[in-house]
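Subject: Structure for your review

Dear colleague,

My notes on what was found in it follow directly after.

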Amino acid sequence: MLQTPVNFSGVLDTLHGLNSNLATVYLGNYNFTSESLDEVKVWTSLPNGVVDSSNNNDTLKRIVTTQLNGGNYTINANAASTSTNCRSFNELFDRIERYGICSTIIVDVEPGSGPYYELATLNDFEGNSTKRIVINGNGEKLINPIINDSIASTFRIENSSFITIEGLIVESKDVKYGDALLLHLTKDISILNSVFRVDSLINSNNSICVRVSDRGLLRIQKIEGYVTTIENFVFEGNELNGGFNGLYIYGDVVARASNVKITNNSFKSFSRSGIYALNVDDLTIERNRIHEPELSYNETISGVELLG
């Protein structure tokens with residue numbers, strides 16, 4: 001939208017001159033709408049009252065946006081997309097990645113609106129104690145839509161922090177390779193009262209109910225992430241069914257995972273280990289129910305396997 005021109009009068013030296021070649025010019029005020037991308041274009045004209053004979057350097061463009069307000073949001077595929085409702089998990093995560101958030105947001109998946117067939121991915125969310133993402137699944141399902149041999153996690157969170165997921169059912173069944181939930185380089189994550197299901201007849205480390213890792217052939221290896229190790233991970237009240245391992249935590253040999261709490265969970269139908277943890281300090285495992293698998297391809301089966 002074209003704005004009213006602003007006149008400037010003053011003395012500016014040419015580039016590399018001895019006097020000042022900078023000036024601050026106030027252009028006025030404009031209210032940018034929430035969750036929108038706007039291009040701001042500023043240019044000069046008629047320098048010294050004459051036509052600019054070289055105008056290839058007189059224009060500046062910049063994309064500006066406003067962050068999502070803190071407060072309550074919904075995921076509801078049966079309703080239209082609005083400023084506070086998204087029709088899928090990835091629509092929500094795309095908004096968060098594109099705009100950011102001002103303060104904590106609480107997202108309720110509308111009961112009866114699922115299941116949601118998608119590979120949900122959230123990348124590079126740098127939260128803090130007053131800027132969190134809380135997702136209440138309300139018993140709805142997030143299901144891997146791919147049925148082939150590709151490695152594809154149903155729900156993946158990378159290089160992110162201060163996220164809570166509660167009451168969500170995540171499934172990666174009928175998929176040869178793929179985790180239900182993958183957390184790669186994350187900190188201050190809480191997974192509560194949720195269900196994770198992976199095909200129980202797969203004898204492969206590429207198929208795990210919940211994988212928490214700081215390594216692997218993942219997107220984050222190609223960029224510089226701000227999360228350098230796994231820390232402050234709470235895993236409580238969940239049900240895990242199937243997979244090579246139920247819960248798999250892989251810390252770095254130097255920047256070890258730390259402050260991990262695994263309590264009051266149920267592990268069923270795994271192929272190798274209910275809980276597998278490598279290079280983890282300050283680890284609490286208590287009051288979990290680990291059921292002997294009905295069928296396994298492995299001669300060695302462990303309820304809990306701790307290494308490093």
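Asp281 and Arg256 meet through their side chains in a salt bridge, with an N to O distance of 3.0 Å. This pair links distant parts of the chain, 25 residues apart: Asp281 belongs to strand E21 (residues 280–286), while Arg256 sits in the loop between strand E17 (245–250) and strand E18 (257–263). Asp281 is partly exposed, with a relative accessible area of 34%, and Arg256 is likewise partly exposed, at 23%. Please bear in mind throughout that this is a predicted model.

Salt bridges that share partners also join Lys141, Glu171 and Arg197 into one network. In the whole structure, the search finds 9 salt bridges. As a general point, side chains of opposite charge can pair when their charged atoms come close.

Two further pairs deserve a description. Arg211 forms a salt bridge with Asp179, and the closest N and O atoms are 2.7 Å apart. Arg211 and Asp179 are both buried. The other pair is Arg156 with Glu158, where the closest N and O atoms of the salt bridge are 3.0 Å apart. Here Arg156 is partly exposed, with a relative accessible area of 24%, whereas Glu158 counts as buried at 0% relative accessibility.

The largest nonpolar core has 50 residues, of which Phe89, Phe155, Phe196, Phe233 and Leu247 touch the most other members. Helix H1 (residues 89–99) supplies the largest share of this core, namely 5 residues. A second, separate core consists of 5 residues, among them Ile208, Tyr248, Tyr276 and Leu278.

Which residues of H1 are buried? They are Phe89, Leu92, Phe93, Arg95, Ile96 and Tyr99. These residues cover an arc of only 155° around the axis, which means that they lie on the same side of H1. After H1 comes Gly100, which has a positive phi, near 80°. Apart from neighbours within four places in sequence, Phe89 is in contact with Ile75, Val109, Tyr116, Glu118, Ala120, Ile135, Leu142 and Leu168.

Ile165 may also be of interest to you. Ile165 is part of strand E10 (residues 155–166). With a relative accessible area of 2%, Ile165 is buried, because buried means under 20%. Setting aside neighbours within four places in sequence, the contacts of Ile165 are Ile135, Phe155, Ile157, Ser190, Ile191, Leu192 and Ser194. Ile165 and Asn193 are 28 residues apart in sequence, and their C-alpha atoms are 8.5 Å apart in space.

Finally, there is a nonpolar patch on the surface. Val6, Phe8, Leu12, Val25, Leu27, Val42 and Leu60 form this patch, and together they have about 600 Å² of accessible area. One of these residues, Val6, is placed in the segment before strand E1 (37–43). Val6 counts as partly exposed, at 40% relative accessibility.

With kind regards

Terms used
Residues numbered from 1 in each chain as written. Predicted model: local features only at pLDDT ≥ 70, side-chain atom pairs only at ≥ 80, totals over all residues. Heavy atoms only, no water. Core = buried A, V, L, I, M, F, W, Y, C linked by side-chain atoms within 4.5 Å. Buried < 20%, exposed > 50% of the residue type's maximum accessible area, 1.4 Å probe, protein only. Helix = DSSP H or I, 4+ residues; strand = E, 2+ residues; numbered from the N terminus. Contact = heavy atoms within 4.5 Å. Arc of directions from axis to C-beta. Salt bridge = Lys/Arg side-chain N within 4 Å of Asp/Glu carboxyl O. Patch = residues over 30% accessible without salt bridge, like charges linked within 9 Å, V, L, I, M, F, W, Y side chains within 5 Å. Areas by Shrake-Rupley, 256 points an atom, 1.4 Å probe, with all protein chains shown as cover.
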